[in-house]
Amino acid sequence: MPHLHIASFKAPAFPATADGVTFHYMADNTLHDDETLIAASVGEKAFFLLLKRLPDKTLLKADKITRPSATHFVKRALQAYAGVAGLDVLASNVDSGEANMHLGNDSALWTIHDFERDFPADREIRIEVGFGSGRHLLHQAKANPEILFIGIEIHKPSIEQVLKQINIQQLDNLLLLDYDARLFLELVPSNLAGRIYVHFPVPWDKKPQRRVIGEAFIAESIRVLKPEGKLELRTDSDNYFAYSFETFMALNQNHIEIYKNRALEVSSKYEDRWRRMEKNIYDVLMHNTEESGPLEAIAPFAFDAITPDPAHLEALNGTTLRFDEGFVHFERLYRTDDGRYMFRLSMGPYARPEHLYLILGDAPAYLPTPPVRSRTNARAHQLLIEALHG
């Protein structure tokens with residue numbers, strides 16, 4: 001990822017603006033002096049730069065939790081901060097961004113809150129979970145212009161490559177999202193999707209609880225799929241196939257198809273490699289046979305003003321609060337240069353928690369955006385409020 005190796009850290013007077021990037025404040029870890037967060041924004045994109053003080057060097061890079069999917073925003077912010085703060089840059093892997101010229105139009109890259117505010121429900125959708133190189137996703141979108149495709153991926157270089165192809169091929173029926181697909185499904189209106197593709201998911205043989213396919217994912221897929229819609233799993237893993245087959249067959253009512261070494265119209269570069277290695281490829285297609293009720297609406301998450309007691313916040317730092325379905329973990333406490341406190345949090349369901357920040361004061365707010373309005377996140381939010389008020 002883009003970063004600068006700097007001689008020493010310097011801070012401008014905040015707020016500061018350079019090259020269309022605004023730097024609002026900085027925050028230091030209250031227990032350790034090895035890191036500092038710098039709040040940055042480019043238009044509507046808000047994120048933190050992270051100053052990391054290592055024993056042998058000092059690095060400035062993007063904070064992992066808040067960094068935008070398109071790295072050109074990070075590169076722009078790093079270069080702007082180096083200029084406005086007068087940093088002595090010893091080494092850099094930040095290029096000019098010319099290679100990403102096609103990323104200038106990122107309208108196809110949505111956030112989870114874009115979907116939360118206004119889900120595009122005027123036509124059939126198809127969802128691909130973990131699109132990787134994007135070969136299958138791009139092929140399907142080009143072949144079916146009347147259908148809206150939503151590609152979900154957390155590997156940012158893959159997102160950039162597919163975003164570039166969307167602009168080059170001028171596709172207007174494809175949206176991308178950098179998010180957990182299991183949480184995303186909780187926002188999709190019922191009976192809307194014609195297909196959900198899960199092609200070559202990570203097998204997670206040692207951590208099966210992290211697998212995409214599971215009882216909760218299948219149940220949410222059934223709600224999201226239209227009657228006769230299909231959930232399509234494609235895997236090269238014998239273990240994943242056996243586990244998924246058992247999970248599907250546990251349903252009370254089911255209609256599945258199973259294929260071995262089926263040839264599709266388009267394949268990924270990894271599939272091509274596995275076929276050369278003569279590995280088996282399994283397909284499991286689950287047909288939805290029911291119509292589901294409407295999606296349950298959940299109110300936006302809100303806070304009253306919180307006047308923090310520093311001793312209480314220090315006591316919360318590092319603690320975990322639990323309930324049946326999930327938890328809230330106070331990972332790290334920060335103090336900003338203007339005297340506010342901020343927590344780095346993990347919260348939500350055990351299998352797929354959200355990682356974000358909460359800044360306290362007269363107008364507490366999640367950063368960079370609130371959690372998805374799911375049932376478990378709503379309970380975690382209420383538990384968080386109760387903990388902060390003591």
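Q: Taking helices as DSSP runs of H or I with at least four residues, and strands as runs of E with at least two, both numbered from the N terminus, where is Pro15 found?
A: In this predicted model, Pro15 is found in the loop that runs between strand S1 (3-6) and strand S2 (16-18).

Q: And what is the peptide bond from Phe14 to Pro15, cis or trans?
A: The bond from Phe14 to Pro15 is cis, its omega being near -5°. A cis peptide bond also joins Leu367 and Pro368, with omega about 0°, and Pro368 belongs to the loop between strand S20 (365-367) and helix H10 (375-388).

Q: OK, phi then: what is it for Asp19, and what is it for Glu228?
A: Asp19 has a phi near 50°, a positive value in a residue other than glycine, and it is placed in the loop between S2 and strand S3 (21-29). For Glu228, phi is near 75°, again positive in a residue other than glycine, but Glu228 lies within strand S13 (residues 225-235).

Q: Is Asp19 buried or exposed, and what about Glu228?
A: Asp19 counts as exposed because its relative accessibility is 54%, and Glu228, with a relative accessible area of 52%, is exposed as well; the cut-off for exposed is over 50%.

Q: Stepping back, how many helices and strands does the chain have?
A: The protein chain has 10 helices and 20 strands. Its radius of gyration is 23 Å, close to the 21 Å given by the globule rule for 390 residues, so the chain is as compact as a globular protein of that length. Along the principal axes, the C-alpha trace spans about 60 × 50 × 40 Å, and buried residues make up 52% of the 390 residues.

Q: Which residues have the most contacts inside the largest nonpolar core?
A: That core has 42 residues, and those with the most contacts inside it are Phe23, Leu49, Leu60, Tyr81, Leu174 and Leu176. Its largest share, eight residues, comes from helix H1 (residues 71-85). Apart from this core lies another, of 38 residues, among them Ile150, Val212, Ile218 and Met286.

Q: What does Tyr81 touch?
A: Setting aside residues up to four places away in sequence, Tyr81 touches a set including Phe9, Pro12, Phe14, Phe23, Ile38, Leu49, Leu60 and Gly86.

Q: How far apart are Gly86 and Gly348?
A: Gly348 and Gly86 are 262 residues apart in sequence and 41 Å apart in space, C-alpha to C-alpha. Gly348 lies in strand S18 (residues 341-349) and counts as buried because its relative accessibility is 0%. Beyond its neighbours up to four places away in sequence, Gly348 touches Glu325, Gly326, Phe327, Thr376, Asn377 and Ala380.

Q: Switching to H3, which of its residues are buried, and what do they pack against?
A: In helix H3 (residues 135-143), the residues His136, Leu137, Leu138, Gln140 and Ala141 are buried. The buried residues of H3 pack against strand S9 (125-129), strand S10 (148-152), helix H4 (156-169), strand S11 (174-177) and strand S12 (193-199).

Q: Last one: why does Thr58 count as buried?
A: Thr58, placed in strand S6 (residues 58-62), counts as buried because its relative accessibility is 16%, where the cut-off is under 20%. Leaving aside neighbours within four places in sequence, Thr58 is in contact with Leu4, His5, Ile6, Leu51, Lys52 and Arg53.

Note on methods:
Residues numbered from 1 in each chain as written. Predicted model: local features only at pLDDT ≥ 70, side-chain atom pairs only at ≥ 80, totals over all residues. Heavy atoms only, no water. Rg over C-alpha atoms; globule rule 2.2 N^0.38 Å. Buried < 20%, exposed > 50% of the residue type's maximum accessible area, 1.4 Å probe, protein only. Core = buried A, V, L, I, M, F, W, Y, C linked by side-chain atoms within 4.5 Å. Contact = heavy atoms within 4.5 Å.
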